[in-house]
Amino acid sequence: GMLFFFSCTAASLLLGFFSKGKGSRPQLNATKPSAMQPAAALCKAVAVSAEAMLSMTAWMAAFSALQTIALCLLPQKLQQIGMLFFEVTRAAQTCAQNGNLSLCAAAMGFGGLCISCQLLPDLQTLQVNPLRFAFCRLLNGITAGCLSELLTLLLPDLRLLTCAAYPVKL
């Protein structure tokens, strides 16, 4: 809903603003598009895309299995906390069912470990420290949750703009 959009977008913008210019930017060795023939560029794009899809699918399957195992092994209270860290879709669903919109915004701002693992190859290519990335994702989630709580306190009518208030009818 609008509450999640505003809180997650504002959290990302704030984090970007306050971390602007920190660290060095790596030089990437990319082939100029004009230097490649169209057929070669298309073949390369398909190969890179297929590799990325396989990686994403493998991480999603692995975290789905981990979630199932965690649900069997963890006590009820820890299950909900664990869901916040594993995968964003299930985390958001769990929080929304419990009516905790700020926690849902925090989960969406964090994104889950599954998405972070899907980004590992890109982090290596861009020479981003994975621990710094994880810290920034966690900070983004906390900021989104706090902003969501602040927005619901300042604008109580904004809570009515969540998806639960306007279900999609097919």
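Author: Helices (H or I, at least four residues) and strands (E, at least two) are DSSP runs, numbered from the N terminus. This is a predicted model, in which local features need pLDDT of at least 70 and side-chain atom pairs count only at pLDDT 80 or more, while totals for chains, interfaces and linings use all residues. Residues are numbered from 1 along each chain as its sequence is written, and side-chain values use heavy atoms, with hydrogens and water left out.

Reader: Okay, where is Met53 found?
Author: Met53 lies in helix α2, which covers residues 38–73.

Reader: And how exposed is Met53?
Author: Met53 has a relative accessible area of 47%, so Met53 counts as partly exposed (buried means under 20% relative accessible area, exposed over 50%, partly exposed in between, with a 1.4 Å probe and protein chains only). The C-alpha atoms of Met53 and Gln118 are separated by 9.6 Å, and these residues are 65 apart along the chain.

Reader: How do α2 and α3 cross?
Author: The axes of α2 and helix α3 (residues 76–86) come within 10 Å and cross at roughly 170 degrees, where axes are lines fitted to C-alpha atoms, for helices over the stretch in contact, and angles run from 0 to 180 degrees between N-to-C directions. The two helices α2 and α3 are therefore roughly antiparallel (angles under 35 degrees count as roughly parallel, over 145 as roughly antiparallel, 65 to 115 as roughly perpendicular and the rest as oblique).

Reader: Which residues make that contact?
Author: From α2 there are Phe63, Leu66, Gln67, Ala70 and Leu71, and from α3 there are Gln79, Met83 and Phe86, with contact meaning heavy atoms within 4.5 Å.

Reader: Changing topic, what is in the largest nonpolar core?
Author: The largest nonpolar core has ten residues, among them Leu3, Phe4, Leu84, Cys95 and Cys104; such a core is a set of buried Ala, Val, Leu, Ile, Met, Phe, Trp, Tyr and Cys residues joined through side-chain atoms within 4.5 Å.

Reader: Which helix gives the most to this core?
Author: That is α5, with four residues.

Reader: What is Cys95 in contact with?
Author: Leaving aside neighbours within four places in sequence, Cys95 touches Leu84, Asn100, Leu103 and Cys104.

Reader: Last one, at what angle do α5 and α8 pack?
Author: Helix α5 (residues 101–110) and helix α8 (residues 130–154) pack at about 150 degrees, with their axes 7 Å apart, and α5 and α8 are therefore roughly antiparallel to each other.
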